[in-house]
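User: I'm new to this one and would like a quick tour. Can I ask you a few things as we look?

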Amino acid sequence: MTLNAPFVKPSVLPGFRLTIIFTILYLTAIVLLPLGALLFRASSLGVHELVSLALDGRTLSALKLSFLTSLAAAAFNVPFGLLIAWVLVRYDFPGRRFFDAIIDLPFALPTAVAGIALTALYAPKGWIGSIAALFGLKIAFTPLGVFLALVFVGLPFIVRTVQPVLAEVDRELEEAAATLGAGRLRTVASVVLPVLSPAILTGFALAFARAVGEYGSVIFIAGNIPYVSEIAPLLIVIKLEEFDYAGATAVAAIMLLVSFGTLLLINLIQARARARYGHV
Amino acid sequence: MSDGSVALAVSLEETPAVGSVAAHPPRRRLPTEEAPWVRRLLIGLAVGFLALFLLLPLITVFMEAFRKGSGAFLQAFADPAALDAILLTLVVAVIAVPANLVFGVAAAWAIAKFDFRGKAFLVTLIDLPFSVSPVVAGLVYVLLYASHGIFGGLVQSTGIQIIFALPGIIMATIFVTFPFIARELIPLMEELGNTDEEAALTLGASGWRMFWTVTLPNVKWALLYGVLLCNARAMGEFGAVSVVSGHIRGYTNTMPLHIEILYNEYQFVAAFAVASLLAALALVTLGIKSWLEHRYAGDLAAGHRH
Amino acid sequence: MPAISPPATATDGVPMELDIRNLTKTFGSTAALHGVDLKVASGELLALLGPSGSGKTTLLRCVAGLEIPSGGQILFGGEDASFKSVQERQIGFVFQHYALFKHLTIADNISYGLRVRPRRTRPTATAIRDKVEELLSLIQLPGYGGRYPSQLSGGQRQRVALARALAVEPKILLLDEPFGALDAKVRKELRLWLREFHDRTGHTTLFVTHDQEEALDLADRVVVMSDGRIEQEGTPEDVYDRPATPFVFDFIGESVRLDIRVDKGRPFVGQQEVSIPKLPPLLFDGPAKLYVRPEHVAFRRDGEGLWATVVSLHRSGSSRRIGFRADGTDTVIEALTPADREPPRIGDRAALEIRAAGLFSG
């Protein structure tokens, strides 16, 4: 294996060449090439063009709507996700396993199915929409509807990143705080939460990244009125249908930047946590 | 050290515990527990939130599907377009999932069992689809293979259509779902280490035999779960497929796209009827996952991230 | 120590005495403690010694308030603390694995107990800072305040854990296998350090260990436990020289157990009568167990004694162990001799003299 000698640590196990070549080919065809196309297209537009396309009024509104609702939904999910993770890890109650399994629903359910279900629910004639209407509140086809749909989409991320960390928290830490005089609430806030904070941040970032790019769950409930309730992914689709490849590329490039930025941030958080605590 | 001292004890048969248990007030709680009312409140809030945000939408799917009775429900599937959509979805899954399975196993093998430069980059690449919007995923394929795309001329010369046809749908689906199996296997195989395989080799097993008889059995439940999840997502993918498919009724509509069309045409019952199939699939996937985790928690574990 | 405003239930600075009465604890259907009675004097350093499962850690945690007893009472200085919460008991607890707060600096760890006090009783920031400095000097880690636990060695972390527990001026100090997670050399060093520390500060201290050498070396008094009961309590000398039960004989120091017979008030090994000096008259006949320590076995080539054959020779360090099998038994009795003394050969015969032993019926 002289070809691989400096590149891979020699091992008695077979199959490295075969599997790594296949993996690289697969990834190239499926990921690198297409993404490369996007970067190529984006770069051929030139920075100036990209920026002016991005700052177009309609685009800006769409981006603003996507980012703000995603941020709000992810933030909203943090306390509730934390609460749910706590309840699932620390308490036992009838139906616990059921609720634990159902957390993954937004993950397993097709986005289109979620989209129409949420719309039916929050529409003026829907179960929740009709109650809201009593208070004069309109949910479906407004940014509020988008927000609620993104809450649905992002919930599992917070819960599933926090759960394993919470399960691993050493009870002795809580006992130690108690022996030092801290009450229960103080203990949880000063000893348990800090341990959870990298996981919470990671979950928040994942939920945010997911929400920004979410399409199927949101387009039915969004209203899709340009400048008002149009999300960024929809804008891309519309521009594609108009064969405005440049415009679509510009919006996509920005969204990709956000995705990568978030990925980088998550890795940084985890690296820092590992250095500080020796775990994530 | 003294000498000559002798301890003498008379028979030490078991003496029963002397003294009764003093009358004690009801059990107080441990310092690491919350008061019962706090516990109940938190559980109530959590369950309430989950019921509101997760259960209600789920129930809505089935309620709306059967709103006009089972007759109307079944009508939805009499539509040939619906059947075409179901068929197409199945075809896509049947192609995409095995392809991703092979990839997942190969990538997991290379990554978990060997040390090589650039491993972190490879892993990041595999994680990529999770942070990319599905619409962007579809877009990049259009940029590549559409007639105005980079390979547009090349594609046209071969006569095979990619965008607005099955190959494009399959590729977009693969893009969005290929990480699942790999991500299930990699942490587990890393945790399991190389010792089992090395032992098999020392006993004379060939590479393939070692793989089939040692490696695969060790990861079979994680593999199963990865396949289930990959399948559920492959069948349910919407955004990416929506972009590449062209929405050509009867030819390039998968079930999710068909649902969208029905919904936009105000055929709500039909839309929810088709949706309920996918929802049922999601429930089955979750159920099996729950069962797997219950029974084989150890075999699945290792960094269960989504 | 600089004055820190004491907590609401002030003590007068005298270390607390502890009174445990008939303490029982059951987990589900298993009983971890069977009616334990124990008094700890003010300022005493007491070891709870026993194998795992003996209940020693459960006892410690009940005293701390980390476990709730199923029955019995715990009194701190005459005051019933059985129903007080952990926070109210003002104890200091040091865990085997330190339980330091990894996200806080050493200084913040040590001052934690002071910072969580309600405003009324919380010391000023300056007072807290001074106290932390003083404690850091006390544990011989001056200037380490700004570091994090992950930057410290095991032994250092344990000292910080101790400082943290002391910062709140506890009435009683409780240590759960404090050196269990450290390697042998560090363990010995810290043991010495802790003894000296205790002599200097004088807190009533209870510590749990399964290491008898540690208990005998360190403690003023040792409590040997087994199966949720106290087998014996006494000074290290008491427990070593005058074991009260077979368990203690077995657990502390080395000994060999011989199954013997008592006939007409005299002990017999096989067919031979064993004569043990200063043996009080035996009031029972029947099977019995004889416990002998190697250092209490002497041998002669001829004369009166328990005749036995040499079956093994083993040199360890500066002493030699000679294994004898007495006629009529299978058990090997070991004798301890200096290594420079000429040893017998295997197969030689000798007459054993047993200078001291424990005899228990059954």
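User: What is the count of salt bridges between chain A and chain B?

Analyst: Keep in mind that this is a predicted model. Chain A puts 92 residues in contact with 92 residues of chain B. One of the salt bridges there joins B:Lys289 to A:Asp104, with the closest N and O atoms 2.2 Å apart. Between the two chains, the count of salt bridges is 3.

User: Which residues are linked with A:Asp104 and B:Lys289 in a network of salt bridges?

Analyst: As a bit of background, side chains of opposite charge can pair when their charged atoms come close. Here the network takes in A:Asp104 and B:Lys289 and links them with A:Asp100, A:Arg160 and B:Glu293.

User: Is B:Glu64 buried or exposed?

Analyst: B:Glu64 meets B:Arg67 in a salt bridge, at 2.9 Å from N to O. For B:Glu64 the value is 15%, and the cut-off for buried is under 20%, so B:Glu64 counts as buried.

User: How many residues apart in sequence are the parts that C:Asp348 and C:Arg301 tie together?

Analyst: The side chains of C:Asp348 and C:Arg301 form a salt bridge, 3.5 Å from N to O. C:Asp348 sits in the loop between strands E18 and E19 of chain C, and C:Arg301 in the loop between strands E15 and E16, so the parts they tie together are 47 residues apart.

User: Where does H4(B) bend?

Analyst: The end C-alpha atoms of helix H4 of chain B are 19 Å apart, which agrees with the 18 Å its 13 residues should span. A proline, B:Pro129, follows the bend within four residues. The bend is about 30 degrees, at B:Leu125.

Definitions and conventions. Residues are numbered from 1 along each chain as its sequence is written. Chains are lettered from A and ligands numbered from 1 in the order in which they are written. This is a predicted model: local features need pLDDT of at least 70, side-chain atom pairs count only at pLDDT 80 or more; totals for chains, interfaces and linings use all residues. Side-chain values use heavy atoms; hydrogens and water are left out. Helices (H or I, at least four residues) and strands (E, at least two) are DSSP runs, numbered from the N terminus. The expected span of a helix is 1.5 Å times one less than its number of residues. The bend at a residue is the angle between axes fitted to the seven residues ending there and the seven starting there. Contact means heavy atoms within 4.5 Å. A salt bridge is a side-chain nitrogen of Lys or Arg within 4 Å of a carboxyl oxygen of Asp or Glu. Buried means under 20% relative accessible area, exposed over 50%, partly exposed in between (1.4 Å probe, protein chains only).
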